[in-house]
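Let's take a look around a protein together. Have the sequence and the 3D view ready, and follow along.

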Amino acid sequence: MSILKLTYYPEEILKQKTSTVSEITAEIKTLLNNMLETMYYKDSGIGLAAPQVGKDLRVTVLDVSEERNQPLKLINPVITEYSGKVDSKEGCLSIPGFYDTIKRHEKVIVGYLDEDGNSQSIEAEGLLSRALQHEIDHLDGILFIDRLSRLKKTFFQKWYKKNAPFE
Ligand code: QAP
Ligand code: CO
């Protein structure tokens, strides 16, 4: 296993829609394990998407458990149902140190493939629902700052000028 190098705002790969995985190879499985290791290494990480480690693939890993022992590996995830709306604060490992509140669906159902290629679905609310929406956004080239109001985006730009570059 290895710790992967992260990509940071405003790198181009974070703005691009990822490619669907057509075959679950050993390479994909290794990538998922390395993404999990990288996420756990960044102590407060609860989700990481492939573009954040420089890969153009529709895969993401998550773990919202306190004990950090409930890893999820999602291949080709899609939101199939959603309901409700809720405001909550978010951050992103690709924009370290910046947090702001955005509105998201309260509940979601996400369909995906597991590592064995079986179709699965997760019904989620709370932190997992938010994390799933945040990570699936990454796979579509969307960062949480793209969902901020114009005023808050202006504030982000000021914050970024003061704090960039990351790493
Ligand atoms: C996405 O985000 C998320 O700024 C995952 O300095 C966000 O793991 C899901 C992190 C909110 C649900 C709610 C951010 C670590 C981690 C930082 C993360 C930082 C160190 C963000
Ligand atoms: Co993120």
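Leaving aside residues up to four places away in sequence, V59 touches V21, I28, L31, L32, M35, A49, A50, L74, I75 and L139, where contact means heavy atoms within 4.5 Å. A quick note: this is a predicted model, with local features needing pLDDT of at least 70 and side-chain atom pairs counting only at pLDDT 80 or more, while totals for chains, interfaces and linings use all residues. Residues are numbered from 1 along each chain as its sequence is written, chains are lettered from A and ligands numbered from 1 in the order in which they are written, and side-chain values use heavy atoms, leaving out hydrogens and water.

V59 is also among the residues with the most contacts inside the largest nonpolar core, along with I95, I145 and F156; this core has 30 residues. A nonpolar core is a set of buried Ala, Val, Leu, Ile, Met, Phe, Trp, Tyr and Cys residues joined through side-chain atoms within 4.5 Å. Three elements each give it two or more residues: α1 (26-41), β2 (59-62) and α3 (150-163). Of these, α1 gives the most, with 6 residues. Another core, of 11 residues, lies apart from it and includes A124, A131, L132 and I136.

Because H134 and H138 are 4 residues apart in helix α2 (residues 126-139), about one helical turn separates them. Helices (H or I, at least four residues) and strands (E, at least two) are DSSP runs, numbered from the N terminus.

Both histidines count as buried, meaning under 20% relative accessible area (1.4 Å probe, protein chains only), with exposed over 50% and partly exposed in between:

| Residue | Relative accessibility |
|---|---|
| H134 | 8% |
| H138 | 1% |
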